[in-house]
Amino acid sequence: MYDLVEPIGLVPYYADESDEALLALGLRNVWDAYFAGRAAPFGRSVPAEVVHAIFYNFAPGEVARHIPRVWELTTPEAALAARERGCVAGMRRILGDLAGDPAIARAGDLLLKAATSAPVTGRPLYAALRALPVPREPVARLWHAATLLREHRGDGHTAALLTEGIGGTEAHVLHALSVDLPAEKFGRVWHLPAAQLDAVIDGMRARGLVGPDGWLTPDGRAAKERVEALTDRLAEPPYSALTPTELDHLIADLTPISAAFRTTFPM
């Protein structure tokens, strides 16, 4: 299900229409758009420290460059509407004729049934999204359901990282090294000052996760595998709301939909 849902959940980050709709509100740059769109369910009064804690994997100070400044430029309500409007436009462009296929509505309804069935306890971003109105239009409904499930999984992933004692920036280093990519070349941390990134890696080396050669040790790879396995287990509960037949139908409907996004996004 991750392979089928994640491409839809990535629409705000890879379809230009989402950023364009948010930037049209007067935001300064794409990172303003990111934080305004993703943090909007919490409203204007939640401070940067709380957003940083919930998003988890940003380096210190990165959230505070955008929150609460974005709420001086627009409102959470406007950001939510613009994000949905832009994502739907991007989905329609990518899906083409498939956007009008009955499979969109069928998949959206079943995915929403799963997405709204899980407990919200301990999952702050998922809980905030659950409090939002559910779109009625089929493409928007499908995107909303996928976003719910993506953030449900994300909250669980944060819990899995915490269980292993992996910090936010460390999570990016762990992932980069697990796919044999030097940390300083990974997209989410390459911009950090070298001394700051080196200090993170040194801390992981002191705990036996990174070896003298700068790559993951067997203990580091085992920690990464445990994080991913626990993330998967914590992501399972929503799908228990579906019968085996419903799950089969959902998989059949989502397969061509997800394939359209996979051929477009650099996954």
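What is the volume of the largest pocket? About 1600 Å³, with volume taken as the space filled by probe spheres set on grid points joined across faces, edges and corners. This is a predicted model, where local features need pLDDT of at least 70, side-chain atom pairs count only at pLDDT 80 or more, and totals for chains, interfaces and linings use all residues. Residues are numbered from 1 along each chain as its sequence is written, and side-chain values use heavy atoms, leaving out hydrogens and water.

**View 1. The largest pocket and its lining.** A pocket here is an open set of points on a 1 Å grid over the protein atoms alone, where a 1.4 Å probe fits, with protein on both sides within 12 Å along at least five of seven lines; lining residues have an atom within 4 Å of a point. Of the 50 lining residues, Tyr2, Glu6, Leu10, Arg150 and Arg188 lie nearest the centre.

**View 2. Valine 30 in helix H4.** Valine 30 counts as partly exposed because its relative accessibility is 43% (buried means under 20% relative accessible area, exposed over 50%, partly exposed in between; 1.4 Å probe, protein chains only).

**View 3. Valine 179 in the loop between H11 and helix H12 (194-206).** With a relative accessible area of 46%, valine 179 is partly exposed too. Valine 179 and leucine 216 sit 37 residues apart along the chain, and their C-alpha atoms are separated by 10.0 Å.

How values were computed
Helices (H or I, at least four residues) and strands (E, at least two) are DSSP runs, numbered from the N terminus.
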